[in-house]
Amino acid sequence: MTQACKDPVIHNQWHPLTSLDEIAQGLVHDTVLLEQPLSYAMDDTGALHVWYRTPAQPAHTPYDPAKAGNALPARSKHGYLWTCVGKPPKDLFPVPELLEPDRQNVPTGVFGVNVSAGRTIENFLDMGHFPFVHTGILGEEPRTEVKEYDVEISESRDEILATRCQFYQPKAALASESGADVEYVYRVPHINCALLYKSSPGFEAEGRMDVIYMFLQPMTREWTRAHTGMCVIDLENSYQGIRCFQQVIFGQDKPILENQFPKQLPLDTRAETPIRADKSAIAYRRWLSRKGLTYGVIPAAV
Amino acid sequence: MKLYDYELSGNCYKIRLMLNFLGREYETRPVDFYPGREHKSPELMKLNPLGQLPILEDGDLVLRDAQAILTYLAHKYDPSGQWYPVSDPDRLGQVAQWLAFADGITATASSARLHDTLFYELDVEAARAGAHRLFRVLDEHLWFAEQEGQDWICSGDHPTIADLACFPYVILSEEGGVSRQDYPAIRRWCDRIKRLPGFVLMSGVFPTSQSAA
């Protein structure tokens with residue numbers, strides 16, 4: 001099998017392809033992962049299949065196992081279908097909140113972004129842009145300061161954790177009635193996946209948090225499929241209202257992301273000048289460097 | 001008045017702009033266009049058998065098609081007749097000409113954006129090339145208009161619905177990989193629209209500075 005990309009770090013990962021919600025059962029769907037055309041389907045029994053795309057099984061036709069191309073591993077987790085084009089890791093990071101019965105897991109849609117996955121994760125981790133890009137919702141001038149927060153790389157779980165993040169938000173969530181200082185926790189448990197936890201309106205006292213996640217599928221080095229979703233304790237707002245709120249936010253981020261230059265993420269610490277508020281981004285770049293990732297990034301000069 | 005609306009749709013944005021410029025109160029009915037495809041649901045197909053947004057309900061009237069809705073709103077709710085100059089045949093002809101041009105922008109620049117962002121299956125290279133062909137025509141037209149002291153697509157001192165019809169998918173073009181770098185007159189015209197009183201943003205559109213002049 002010819003591989004368009006040779007980086008073992010990115011090959012040996014589980015990558016998301018679609019939310020289970022969006023699969024039309026019994027039909028073939030096409031997508032692209034790491035420049036490889038792939039197809040996937042959910043058969044009549046609900047089992048998931050992923051394979052290298054073949055002309056014998058075009059998209060939108062009924063799935064026929066006899067005609068499907070070389071099979072790839074398929075895994076259902078967090079409401080999404082995942083696959084791996086290299087050696088699949090045994091585990092995929094856990095999200096315990098997704099299993100709590102009083103939450104809704106709302107996939108808010110998958111969007112194409114003309115930028116690398118790394119740039120997209122970094123924007124997701126950044127609080128400094130809230131007042132300027134999400135004006136009146138996630139921030140507003142003059143309250144633009146990013147207060148000191150903590151970042152650690154957990155060795156046992158191999159993930160980045162940013163805690164004690166605080167930001168003033170005029171409308172932190174769909175269920176918010178007024179502005180408030182909102183507490184954030186960020187997790188990066190996978191090179192292309194990040195989650196943020198923020199205080200859930202009405203549940204602050206219990207310390208329970210809403211979860212917003214972004215699972216990225218690198219189609220090419222500079223074109224990413226961003227699977228976005230929320231897992232909220234919000235029994236009042238409709239599924240659709242939550243979706244719409246999240247799409248407004250992501251629609252505001254998109255042009256900012258697409259204007260990043262270079263589109264791939266520079267890992268050399270001297271390539272861009274960070275400020276204190278970028279602590280989590282710096283940790284992320286170092287973490288990717290240590291893993292030896294080369295796909296979708298500009299590796300540091302040795 | 002009720003607008004069946006999707007936040008990320010440029011065609012819905014045209015109507016929101018018009019209603020804001022006219023200072024009209026309206027109600028929105030958010031439609032789960034993506035990923036829910038609610039515009040193809042039986043309820044909405046009954047209102048618009050083409051399965052598209054926007055749709056406007058005003059009293060007993062149900063209208064589809066962004067350009068048609070702009071025409072209706074401007075003629076009905078702008079007593080000054082500036083936005084849709086029905087009493088001036090020359091300008092009215094120009095407006096109609098550029099409304100048709102706006103449909104071409106939707107077919108090209110908007111299609112490229114749908115391909116890159118929402119994974120519509122279409123020939124994106126053809127869509128981008130088509131958008132550049134139209135942008136060159138618009139840029140040249142606006143450049144010569146500026147030489148005559150004219151700020152808007154059609155002649156006269158006031159913008160018309162032709163400006164509103166063309167603006168959204170021009171300003172969102174980069175999301176479809178269509179750069180506006182080579183079209184300076186288009187960029188200046190976009191800034192002038194953003195400075196109009198009553199201008200509102202949508203996701204993906206950012207404010208501009210106030211005029212230096």
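Guide: Start with strand β3 of chain B, residues 55–58, which four bridges join to β4(B). These two strands run antiparallel. Strands here are DSSP runs of E with at least two residues, numbered from the N terminus; helices are runs of H or I with at least four residues. Two strands pair if DSSP finds at least two bridges between them. One bridge links B:Glu57 to B:Val62 in β4(B).

A word on the source. This is a predicted model, where local features need pLDDT of at least 70 and side-chain atom pairs count only at pLDDT 80 or more, while totals for chains, interfaces and linings use all residues. Residues are numbered from 1 along each chain as its sequence is written, chains are lettered from A and ligands numbered from 1 in the order in which they are written, and side-chain values use heavy atoms, with hydrogens and water left out.

Now widen the view. In general, strands of a sheet pair through backbone hydrogen bonds, either parallel or antiparallel. In chain B, four strands make an open sheet with mixed pairing, in the order β2-β1-β3-β4. β2 (27–30) and β4 (61–64) of chain B are the edges: each has a single partner strand, so one side of each lacks a neighbour in the sheet. From one strand to the next, the twist averages 20 degrees. That angle uses axes fitted to C-alpha atoms (for helices, over the stretch in contact) and runs from 0 to 180 degrees between N-to-C directions.

Residues 1–81 of chain B are 38% helix and 20% strand. Their end C-alpha atoms are 20 Å apart.
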